[in-house]
Amino acid sequence: MHTFGAAELLLLQAFLKDIEILEINRFTGNYMAVNYREFQKLNLPVIEQEMLAKWSENQAFEKSVSLRNDAPSFVFYEGPPSANGMPGIHHVISRTLKDLVCRYKTMRGFQVNRKAGWDTHGLPIELGVEKELGITKEDIGKKITVEEYNRKCREAVMRYKDKWDDLTKKMGYWVDLNDPYITFDNNYIETLWYLLSKLYEKGLLYESVSIQPYSPAAGTGLSSHELNQPGTYKMVKDTSAVVMFRAVKDEKSAFLFEAVANAGRQASRAELETGHSPLAIDHSPFFLAWTTTPWTLPSNLGLTVGERITYVLVQTFNPYTHLPINVVLAKDLLGKYFKPEAENTGFGEYKEGDKVLPWRILTEFKGAEIEGCRYEQLLPFEANSPEKSGGDPFRVLLGDFVTTEDGTGIVHTAPAFGADDYRVGKKYNIGILTMVDRQGKFVDGLGEFSNRYVKNYKDDKDYVDVNVDICVKLKKENRAFKIEKYEHNYPHCWRTDKPVLYYPLDAWFIKTTALKDRLVALNKTINWKPRSTGEGRFGNWLENMVDWNLSRSRFWGTALPIWKTEDGSEEKCIGSVPRLKEEAAKADKTLGTNNAKIMADLDLHKPYVDDIILVSESGKPMKRVPDLIDVWFDSGAMPYAQWGLDHEKLKAGDPYPFKQPFNKNYPADFIAEGVDQTRGWFYTLHAIAGLLFDSVAYKTCVSNGLVLDKNGNKMSKRLGNVVDPFKTIEQYGADATRWYLITNASPWENMKFDLEGIKEVQRKFFGTLYNTYQFFALYANVDGFAFKEAYIPLEQRPEIDRWILSSLNTLIKKVTEYMDDYEPTQAGRAIEEFMDEHLSNWYVRLCRRRFWKGEYEHDKVCAYQTLYECLETVLKLMAPISPFFSDALFQNLNAVTGRHNTESVHHADYPVSKPAAIDASLEERMQLAQDISSLVLSLRKTARQKVRQPLQKVLIPVLNKHMKDQIELVEDLIKSEVNVKEITYLTEDNGFIKKKIKPNYTVLGKKLGAKMKPVAAALAEFSQDDIAKLEKDGSISLNIENEPLILQTNEVEITSEDIPGWMVANKDALTVALDVTVTPELVSEGNARELVNRIQKIRKDSGFELTDRILVKVTEHQELSQSIAQFNNYICAEILADKLELVPEIPDGTEIEVNDIPLKVFVTKKA
RNA sequence: AGAUCCGUAGCUCAGCCUGGUUAGAGCACUACACUGAUAAUGUAGGGGUCAGCAGUUCAAAUCUGCUCGGGUCUACCA
């Protein structure tokens, strides 16, 4: 079947509409139309379909780039989405933002390359495949080979690519989908390897341990994503223990021992006699620490306290051994262990079996004061001797994670089994002890606990909880203060249902902290929108940066290119495919491996890369470390990897060995994504660029907020409040959707998405634009206006034309500034305001007659040229935000006039504001005219005088000459707009006006300060004479609180308030009074106008053409005959009548009413 | 737990940086008008303890602090 091209369509439409096509546009090669296309009704989706067809036929996007081949480039990076999920409406906002900036910069004369990209690795893809196949991670390598599994992943990755492409197209997002970068591509991965090898060479890539959730039953680490599965956190009852760590006496702890000794000296006789003295048996202070995992106690190496937390040393008894003891804990937590009424009592009487423990505070101090105190190891065995820890353990440390919500305010710290513990332990170098193996049981050399499982991982019926046994031992040894069952929420492995351990696992890190200061400094050069994201969220993140843990134990992702010998003594980091080939061949030669087979059809994924064996310098075989890397490295490396590695440059030692056009495309001028990417893509881009190239990756970063539903809830499938972007665009059009998303709120604010809002935009903005265009097209087609006449200089145009063009140029200036500042919301709102307030509701409304009255001569041409220029300019201004409708109308205009040498508005240059066209004074007086008109209309309303009834005069008090001059210049406009015969100006000297005075607070406030109030009161008392005197002399003297004070005129504001005896209205300093007296003369004229209106209606109802001449007969009526006779010429001119006759009787005329007078009219078209 | 953004009319948002005396606009609602742009437009009306509390100041929606509510991010989640 034949499909029509755009030009053909245009031709066809023209035929259908009986429009003749005359010539071919000398620029575009398209047929030029004689008439502007008129629409039947506004249907944005249909127009968008047409535009899409046209764009694709003319390769409009490609041309928008290639036309700027010699232009400077504006660099944009596309953040890669993952195509394994459906796109949502929130994607539309960030993509609109990206698109409009790129389109804008293109129109501003830059070349903007836009390479699309796909994020293809990562856990969501693995999980999707597992769900689809009904398998779990455990089955990989058993029920399914890694090879098959990864093939499935590769297939699944692009599952919704078609949908994404479709949305991209339909929403009008111009990005190059034909040549995207794909993160699973070998060339892409190779570049990642290169970057990793560079980090390795710089010593910024290292292996260490990290504490991760680990499932001993499944023998695997868990991601926090897995930990966030529903049902993993369960309430369980565990044996918790508050245990006692015995302080060692040294300089730091001396004050504690001293406090105990002091108490001993003051002990009562009873205490001494019962052996309950604080000095009895063991007088050492003990640190109390709480744990819900007693199995971690053999691995304890530190005690962490809060620097600013207040601690107390308390004398009391051990509830199990009943021995007198002295313990340290947080003051806030005393209530958990001691009863208030037992304080300072009963020490002498305490005996075994007493429920209530006597207690007294011996001293009080801050956590900071016990930093560095040493204590004895709680459970010393052969396996956990201090030397084995590799550090200097058993000290009191400071940590900011300590709270006084639970426990004792002193945290038992086992670096192996907690992320916080590990971090603080590392800071103080207390070493690490891992007394539990990967099966979840204690190691050898722990006495009676050796080889016992710390939880029941083997479903042993006879399992005895080792935690309980540890507690029993501690009780016996006077080292337990409180043992109880404690119910808490604890994570479980979602596969085995067994409790998770936090366990130290080997991992590879990027040493981002090494260059933290540089990264912080570079960040300060980035233009963040909004500023707070960069300074606050991102800045803080950089300040508190930790090293980047790259390792992931997964299957589908970028492999870490590091090979190690079995003993770990030698390793190699491979930075390119040629290097890998070289090394692989070497191994084949020396070790007799069969790498060649794998290399022949190389895939840099598992399992293939894992099968490659390399050879070390000393001739030992090396295997790849099994880790994959964090997918965020994939996307953060896109500035380089999107182009790939250039082997020639690499050989030549180029510091940027990437394929062209890398050099022209680094760093980015602009990126934009959701604010959730702050710690994601924004960070990884920044980190890689900073670490490897000492550069920013992007100069401007716009972060957009979330799209919520109309009630402010997050959109989720579960709630069923997800907005389908396809349906939205289909129903309301991409333009209206885009315009709504951009103008409703600043992009970085969360937006409540409401379809009603799109409807409003459609009606209000696009409807007005459409009406204005239709209005223009209607008359321009009648008059044959095609901008053939020379451009009429501004000074030869009427005031109102100069005004709208001045406003237009002011608008261009504003919009350009906003767009340059990445404030599209402000730009869009400014365009809306111009379109509505200025162009449609003032210029067009006031100028309507100019388009349909009179001959085609100077004034009419002025009107056409002016309106045309306004329309054309607005279309260009709005084109980046709503690309379809603007282009459609632009092309319709250009098809007739051929003013632009471009096929599309998107190939045109953005308008440039002409300062010479801007006349601030003119804009000011037109604002006055609008305000005055509005006030008069308001008065008419109150006086019940309709606008068609002419009135005699308006009074306007003028405060100064400037104001009078300004209003006089727009007097005619006001008079015709409000249908009033004359304007009279009242000046101060005719004493007609009542004036009002009030302080100019801004000026006076600074001068007077506290005296403001009495002065304001004094001014309120001013008489008209006082005000007059002040105005005449320029100053006046007051007596305020018995002190003289001189006021200048510039320190007060004087406005006219009232005109006694007149009907007045105010707005700011403007006051207007209306004479509402209706004389017989005025009534007569009003009648004539009313009659015109009725006959116009008849013309319209009869379906006459605009230009048809008519003949009119009207029945005689005594009250009206006078009017009709007097205004006969006027009436005929208005209604295009050749003749208006008064006749006694019309048998079959139309019945009408003119100001309540019934009449019959007979209208016929002149043959 | 920390960080950050937001809270103004029934709804969507201005105003806040740079404090100034009646806190605005659009939508919606009601009434009236206008009508050769008409699925448009004008005028009028009701509608607000500017989230709350405290402080600074002659003066606070605006500056400061705290609290409450909502969102997001981070704690190896893509």
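A cavity is a set of points, on a 1 Å grid over the protein atoms alone, where a 1.4 Å probe fits but cannot get out. In this predicted model, a search of the whole structure finds five cavities of 30 Å³ or more. Local features need pLDDT of at least 70, and side-chain atom pairs count only at pLDDT 80 or more. Residues are numbered from 1 along each chain as its sequence is written.

**Cavities**
- The second largest cavity has a volume of about 50 Å³, a volume being the space filled by probe spheres set on the points.
- Its lining (residues with an atom within 4 Å of a point) comprises Phe76, Tyr77, Glu78, Asn113, Arg114, Lys115, Gln642, Trp643 and Asn665.
- By class, that lining has three nonpolar, three polar and three charged residues.

**Nonpolar cores**
- A nonpolar core is a set of buried Ala, Val, Leu, Ile, Met, Phe, Trp, Tyr and Cys residues joined through side-chain atoms within 4.5 Å; buried means under 20% relative accessible area with a 1.4 Å probe, protein chains only.
- The largest such core has 131 residues, and Tyr36, Phe776 and Tyr843 have the most contacts inside it.
- A second, separate core of 61 residues includes Phe257, Ile430, Leu474 and Ile483.

**An open sheet**
- Four strands (DSSP E runs of at least two residues) form an open antiparallel sheet in the order S6-S5-S16-S18; strands pair if DSSP finds at least two bridges between them.
- Strands S6 (220–221) and S18 (548–549) each have a single partner strand, so one side of each is left without a neighbour in the sheet.
- Strand S16 (residues 501–510) is joined to S18 by two bridges, and Phe509 has Asn549 in S18 as its bridge partner.

Terms used
Chains are lettered from A and ligands numbered from 1 in the order in which they are written. Side-chain values use heavy atoms; hydrogens and water are left out. Buried means under 20% relative accessible area, exposed over 50%, partly exposed in between (1.4 Å probe, protein chains only). On a 1 Å grid over the protein atoms alone, a cavity is a set of points where a 1.4 Å probe fits but cannot get out, and a pocket is an open set with protein on both sides within 12 Å along at least five of seven lines; lining residues have an atom within 4 Å of a point. Ala, Val, Leu, Ile, Met, Phe, Trp, Tyr, Cys and Pro count as nonpolar, Asp, Glu, Lys and Arg as charged, and the others, Gly among them, as polar.
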